[in-house]
Amino acid sequence: MHVSSYFRPPFLLAAALALPFAYTSCQQIDTARALSALRDAKSACEADAGTLWRRSLCGPIALVDRQTHLVIANDTVAGKHFLRLGDAYVTTLPENQYVANTSFPWGGRTWTMVALPLPKDRYARADLVMHEVFHREQEALGLRQPDALNNQLDMRPGRTWLRLEYRALARALESLPDQKTPLHHIESALLFRAQRRSLYPGSDSLEATLEIQEGLPEYTGQRLAMQLTGEGPARVAKYVRDYETTPTFVRAFAYGTGPALGVLLDQFAPNWRDAVRTSRDIGALLADAIHFRPPRNLATTARSRALEYGWDEVDRTEAARDSTRAPAMRDYRARLGDGPTITLRQSKDSLSWSYDPTELIAFDLYSTIYPSGNFSAPWGKLTVERGGVLVQNDFSRIRIGTPAVPVAAGAKEILGDGWTLVLNPRWSLRADSSRPGGFVVTQDR
């Protein structure tokens, strides 16, 4: 059935439709775009037929509205009420489920979740949905990796060499399908990568980890979007060039390098997707494919080659960025680093969180400022809308600034400047002996 002839955007989904469940508010959702996204996902996974990763990417997808938790899905959940909407289904997400672009368990199966609204552009929409579809299958493929924050990529030298790498990768993609011209630009990209990593010991493993966890899904999304729309590597090159303007690369850089490295590997090492299961380093695979080895005079060679890709302009804009954000960094240090704070401790396994990966700010190499986000653990739930929260990179500690108004004894809901902390029963604030004026959240005995 061609659904768009019956439902024209924007279509108002509301309690007035006599759904067997209630909505607290009406919400306009572009159902035609959502239905188109589900149809494109079906077409993409069926056309792939398990070829890309030797595993089918077909499976349950939930497109979810953040405000109402309303779901437009390609499948149903046992025991859950739903309404047919063309070839899709409408229902609601459990209230305690965060809405984010992720994979999540629901009704005994692992689902793909994508938050609405979706991009208008068909290629970008297919890329987004299939990126998240890969996350659903990532563990079964043996390619799930831990969240690796790359705080060195918020430092001026790290950002400078990464931006130059993006430029070289984009030029290599623009040169395809020629086999010779891209080699110079690929070598440049790997040269800039080697120089950056030489400045931050240990960054090679951190970067490789995130490129598996997020770079492979983004490659998969763009590879399938190309097949679906007929666009080619030039579209990926444009994406990489645009990605250079991303505000922060701490948790986001691999969204830019992943698809570029993957598409180039498709050209120079077509069997790389088998090799990556054991090597776990897509950059190293590309280096091996073109027989690249860093020169002995790495810094000098990289600096000379960088002139070809706009070193002067990149260096100038990065210096200006550092200067512009200096007051904000001083404020973060005063409030969250040196001042009185509320400290929450937990294990990474017990923490659930959602946030914008393009917002994260490196506080130092080992802890990160999340300007906003939602965090839950055995102690309760923390919602941060502004002002930031300081999170240790192993997620064992979270710090927020203390409220301006004194906290009442035994309070379970604490309101700060831009954040709300709701404590679970048997959890309380206690004075922090190590930080005058601060508190720690502890479990009652």
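Modeller: Let's begin with a disulfide: Cys45 is joined to Cys58, with 2.2 Å from S to S. A disulfide here is a pair of cysteine sulfur atoms within 2.5 Å. This is a predicted model, where local features need pLDDT of at least 70 and side-chain atom pairs count only at pLDDT 80 or more, while totals for chains, interfaces and linings use all residues. Residues are numbered from 1 along each chain as its sequence is written, and side-chain values use heavy atoms, leaving out hydrogens and water.

Biologist: How many disulfides does a search of the whole structure find?
Modeller: The search finds one.

Biologist: And which hand does the disulfide of Cys45 and Cys58 have?
Modeller: The torsion about its S-S bond is about 100°, so the disulfide is right-handed.

Biologist: Is Cys45 buried or exposed?
Modeller: Cys45 is buried, at 6% relative accessibility. Cys58 is partly exposed, at 36%. Buried means under 20% relative accessible area, exposed means over 50%, and partly exposed is in between, using a 1.4 Å probe and protein chains only.

Biologist: New topic: at what angle do H6 and H7 pack?
Modeller: Helix H6 (residues 233-243) and helix H7 (residues 254-268) pack at about 155°, with axes 9 Å apart. Helices are DSSP runs of H or I, at least four residues, numbered from the N terminus. Axes are lines fitted to C-alpha atoms over the stretch in contact, and angles run from 0 to 180 degrees between N-to-C directions. H6 and H7 are therefore roughly antiparallel, a label for angles over 145 degrees.

Methods
Helices (H or I, at least four residues) and strands (E, at least two) are DSSP runs, numbered from the N terminus. Angles under 35 degrees count as roughly parallel, over 145 as roughly antiparallel, 65 to 115 as roughly perpendicular and the rest as oblique.
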